[in-house]
Amino acid sequence: QILFERVLITQILAFMFISTNLVLLATVFSKPVFYSTMRYILFTITLVSDSITLIISDLLLLLNVFSVPLQVSLCIICYLIVLFCGFITPVTLTAMTLERYVAICLPLQHPRLCSLHNTWNCMLIINALSCVPCFIILSTFFAAAPSSVYKQYKLCSMEMFVAVQWQKQLKFSVYQSYFVIMLITITLSYVKIMKIAKAASEETKTSTFKGLKTVILHSFQLLLCLIQLWCPFIESVVFENDKVIFSYVRFFNYVVFYIAPRCLSPLIYGLRDEKIFLALKVRVLFLRSW
């Protein structure tokens, strides 16, 4: 009964957020301004990565709940996609925070630094940074796992990629490095923007404080995403001590640190951004008319 309730809750939440993300994606691709401006392009990246993460992680959750084994090679592909997209979101959020920092603290430099050309370069950097953990974890798995394991059928979970202790320690070091770097970046950006907001004139105070609120929401969203990087290590410790509590902890982590951060992007830009909100309103009314 409890397991059924958990699955039902996660399916409802996942369906709601995936549907919302897909509507927003259709909206941002409907107007040229949304794919020619840095912050909207970065927002689109988060929507795509969040949608992919939710769809694949939800599918893997259902396979585990119903004890459906998956070929290890296919499991590796699914896990790497989730891991890659899972890192894209916090890295992109950090880039979005820096974009807001440039817009508020360096307004004269903003058109040059956040040009379309630099946006594509920024996307390449985001993808490269997100690929590094995938490459490290995959390399350690290939180094430790025998070749026969790839044709086996197992329940797909993160635990199967950690065969020896040094893999767990290396994975923890990579995650911790990303956690610290992104946390420092967003904290410094917030402090700088806060100083500008306090010194802003009455004419610019409204737009400056709106940018500050956006950074605060990004900070909260990023914090949830960063805590997500710690979840596998917390879960592994709990699993070794009590498997019953482990099931509760994993469910809590999935809802709070995997699903919840991915509902904040539509809130931050889908409802608070005037251009997207108007375009979304037109699209929703058009759909209703049909």
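Colleague: Which residues lie nearest the centre of the largest pocket?

Modeller: In this predicted model, the largest pocket holds about 860 Å³ of space. Its lining is made up of 25 residues, and these divide into 15 nonpolar, six polar and four charged. Those that lie nearest the centre of the pocket are L61, N64, S157, F246 and R250.

Colleague: Which element gives the most residues to the lining of the largest pocket?

Modeller: The elements that give two or more residues to the lining of the largest pocket are α1 (2-28), α2 (38-65), α3 (72-105), α7 (202-241) and α8 (243-259). With seven residues, the element that gives the most is α8.

Colleague: Is T10 buried or exposed?

Modeller: T10 is found in helix α1, and, leaving out residues up to four places away in sequence, T10 touches D58, L61, F251, Y254, V255 and I259. Buried means under 20% relative accessible area. Because the relative accessibility of T10 is 2%, this residue counts as buried.

Colleague: And F135, is that residue buried or exposed?

Modeller: F135 has its place in helix α5, and its C-alpha lies 9.7 Å in space from that of F84, although F135 and F84 are 51 residues apart in sequence. A residue counts as exposed when its relative accessible area is over 50%. The relative accessibility of F135 is 62%, so F135 counts as exposed.

Colleague: Which element gives the most residues to the largest nonpolar core?

Modeller: The largest nonpolar core has 57 residues, and L42, F141 and Y175 are the ones that touch the most other members. Two or more residues of this core come from each of α1, α2, α3, α5 (116-144), α6 (165-199), α7 and α10 (274-289). The element that gives the most, with 15 residues, is α3.

Colleague: Which residues are in contact with L42, leaving aside its neighbours within four places in sequence?

Modeller: L42 is one of the residues that touch the most other members of the largest nonpolar core. When the neighbours within four places in sequence are left aside, the residues in contact with L42 are T92, A95, M96, C122 and I126.

Colleague: How many residues does the second, separate core have?

Modeller: Among the members of this second core are A14, I18, Y254 and I259. Y254 and I259 are also among the residues that T10 touches. The number of residues in the second core is seven.

Colleague: How much space lies in the largest cavity?

Modeller: Searching the whole structure finds two cavities of 30 Å³ or more. The residues that line the largest cavity include T53, Y79, M158, Y175 and Y258, and by class this lining has nine nonpolar, three polar and no charged residues. α3 gives the most to the lining, with five residues. The space in the largest cavity is about 120 Å³.

Colleague: Why does the protein chain count as being as compact as a globular protein of its length?

Modeller: The protein chain has ten helices and two strands, and its C-alpha atoms fill a box of roughly 65 × 50 × 35 Å along the principal axes. Of the contacts with a separation of 6 or more, 82% are between residues 24 or more positions apart. For 290 residues the globule rule gives 19 Å, and the chain is as compact as a globular protein of that length because its radius of gyration is close to this, at 21 Å.

Methods. Residues are numbered from 1 along each chain as its sequence is written. This is a predicted model: local features need pLDDT of at least 70, side-chain atom pairs count only at pLDDT 80 or more; totals for chains, interfaces and linings use all residues. Side-chain values use heavy atoms; hydrogens and water are left out. On a 1 Å grid over the protein atoms alone, a cavity is a set of points where a 1.4 Å probe fits but cannot get out, and a pocket is an open set with protein on both sides within 12 Å along at least five of seven lines; lining residues have an atom within 4 Å of a point. Grid points are joined across faces, edges and corners, and a volume is the space filled by probe spheres set on the points. Helices (H or I, at least four residues) and strands (E, at least two) are DSSP runs, numbered from the N terminus. Ala, Val, Leu, Ile, Met, Phe, Trp, Tyr, Cys and Pro count as nonpolar, Asp, Glu, Lys and Arg as charged, and the others, Gly among them, as polar. A nonpolar core is a set of buried Ala, Val, Leu, Ile, Met, Phe, Trp, Tyr and Cys residues joined through side-chain atoms within 4.5 Å. Buried means under 20% relative accessible area, exposed over 50%, partly exposed in between (1.4 Å probe, protein chains only). Contact means heavy atoms within 4.5 Å. The radius of gyration is taken over C-alpha atoms; the globule rule is 2.2 Å times the number of residues to the power 0.38.
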